[in-house]
Amino acid sequence: MLTRRIVPCLDVKGGRVVKGVRFEELRDAGDPVEQARAYGRAGADELCFLDISASLEARGTLVALVERVARELSIPFAVGGGVRTVQDAEALLRAGADKVSLNTAALSDPSLITAVARLTGSQSALVAIDAKRLGGPTPSWEVYSHGGTRPTGREAVAWAREAVDRGAGEILLTSIDRDGTGAGFEVELTRAIASAVPVPVIASGGAGNPAHFADAFAAGAAAALAATVFHFGTLSVAQVKEECARRGLPMRWPLEE
Amino acid sequence: MSARVTVVDLGLGNLGSVMQALVRAGGEPRLSADAVEIGRSARVVLPGVAAFGLGMDRAQRLGLRAALDRALQRHAPVLGICLGMQILFEEGEEDGLRQGLGFLPGRVTRLPAGVQVPHIGWQRLETTAPSPLLTEAAAPWAYFANSYRCEAAADVTQAVADHSGVRIAAVVGRANVHGVQFHPEKSARGGEALLARFLRLPEALP
């Protein structure tokens, strides 16, 4: 049986980690390789690097970062943030990223998903969906682009289905309402998307305690991503995995072979 | 002394991770797209992602079947990883029905509807027969990322992974031909240990 994955997310800017865990043993907490290896030792199942560099110049360092991480890390990792073209995606995959995350560019040109999936297979084409709950009696969610700032008029479940039809191998689903709140993943949204598509769904946005991860898994998420709780040391990967395992969820834990 | 190993370059996917994982496991990997060089190798690793048809196109252009034949005649251990394992089989249905390299009996088919596809994530292997790549103690944690599986003949299947009731051949082998469906280069310590065992298999005759 597949285990449920815990995916710490690291924000990077200009090739440096600006939001990662505060591991005490690190000499250079801004070094993506040191951060990545520390997370690997701590039991993370996968990592996600989100490039938040605003300038193109700073973005150029991303490929070099991916090359260094790929050489040193022995768990899979995804890279996202500002991937605009199939060439951007190809450069990251060639540099050693296991998955490339597409968001705004896929919304403006959905054929990009198919083109990226053709490069190395759909397992490398991850589509990130930032969704915000709409008012009304039946729950529904609208997809936002540009880092969650612009409404697109697309409904999240329909967009997830379309993305998968076009070749997405995974959906990284962020609740804009919950992101950064620590109030828990949006379980209803997770359930709605996970039950609509055959691919794994990575729940994101709102993690505050270990039980929140278990709730996301119970709602059908194959993986759960968090940045803030790991960054500020509120939670360790071990705490999260222990709690999920205690609740009977299949986890890659303990790590001993 | 580090173990010499040739990594076949089909120009697909991420070879850097495989190369580095082999170094960490005690190997001295050398990348090659040259059939003569591959045929003379001490050991061969056949990595790969992407699709069966594309993989076979590249393999044919390189003359990989004859190269592996020569390596195997000299008793070189061969390890296929993910797509590299899949093309070792007789045929695959991705991109239309295609012939494989035919070193192992069985065919490669899409995972059936009703289970999560792609099969992405970690799970512990279940050993079904002895393999020189596995210890007799606990089977390792393995990271998978595949939409197709090898329907391998029972006598070459050495470990499997259960995916919601669908059986995925995870470790296969016959004589010096080995294959793993998961990614040992992405499977943390368990993956590294498997690669180290492969590198300790006796190398080819000169």
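The model is predicted.

**Helix 3 and helix 4 of chain A**

Two packed helices are described by the angle between their axes and the distance between the axes. In chain A, helix 3 spans residues 61–72 and helix 4 spans residues 86–95; their axes come within 8 Å and cross at roughly 25°. Angles under 35 degrees count as roughly parallel, so helix 3 of chain A is roughly parallel to helix 4 of chain A. The crossing of helix 3 of chain A with helix 4 of chain A is right-handed. The residues that make this contact are listed below by helix.

| Helix of chain A | Contact residues |
|---|---|
| Helix 3 | A:L62, A:V63, A:V66, A:E67, A:A70 |
| Helix 4 | A:A91, A:L92, A:A95 |

By class, the contact of helix 3 of chain A with helix 4 of chain A has 7 nonpolar residues, 1 charged residue and no polar residues.

**Chain B against chain A**

Chain B gives 32 residues to the contact and chain A gives 37 residues. About 2700 Å² is buried between chain B and chain A, with 53% of this area coming from carbon and sulfur atoms. Of the area that chain B buries against chain A, 26% is supplied by B:W122, B:W141 and B:K186, more than by any other three residues.

Which residue of chain A forms a salt bridge with B:K186? The partner is A:D98, and the closest N and O atoms are 3.0 Å apart. The count of salt bridges between chain B and chain A is 1.

Notes
Residues are numbered from 1 along each chain as its sequence is written. Chains are lettered from A and ligands numbered from 1 in the order in which they are written. This is a predicted model: local features need pLDDT of at least 70, side-chain atom pairs count only at pLDDT 80 or more; totals for chains, interfaces and linings use all residues. Side-chain values use heavy atoms; hydrogens and water are left out. Axes are lines fitted to C-alpha atoms, for helices over the stretch in contact, and angles run from 0 to 180 degrees between N-to-C directions. Helices (H or I, at least four residues) and strands (E, at least two) are DSSP runs, numbered from the N terminus. Angles under 35 degrees count as roughly parallel, over 145 as roughly antiparallel, 65 to 115 as roughly perpendicular and the rest as oblique. A crossing is left-handed if the near helix is turned anticlockwise from the far one by less than a right angle, and right-handed if clockwise. Contact means heavy atoms within 4.5 Å. Ala, Val, Leu, Ile, Met, Phe, Trp, Tyr, Cys and Pro count as nonpolar, Asp, Glu, Lys and Arg as charged, and the others, Gly among them, as polar. Buried area is the accessible area (1.4 Å probe) that two parts lose on being put together, summed over both. A salt bridge is a side-chain nitrogen of Lys or Arg within 4 Å of a carboxyl oxygen of Asp or Glu.
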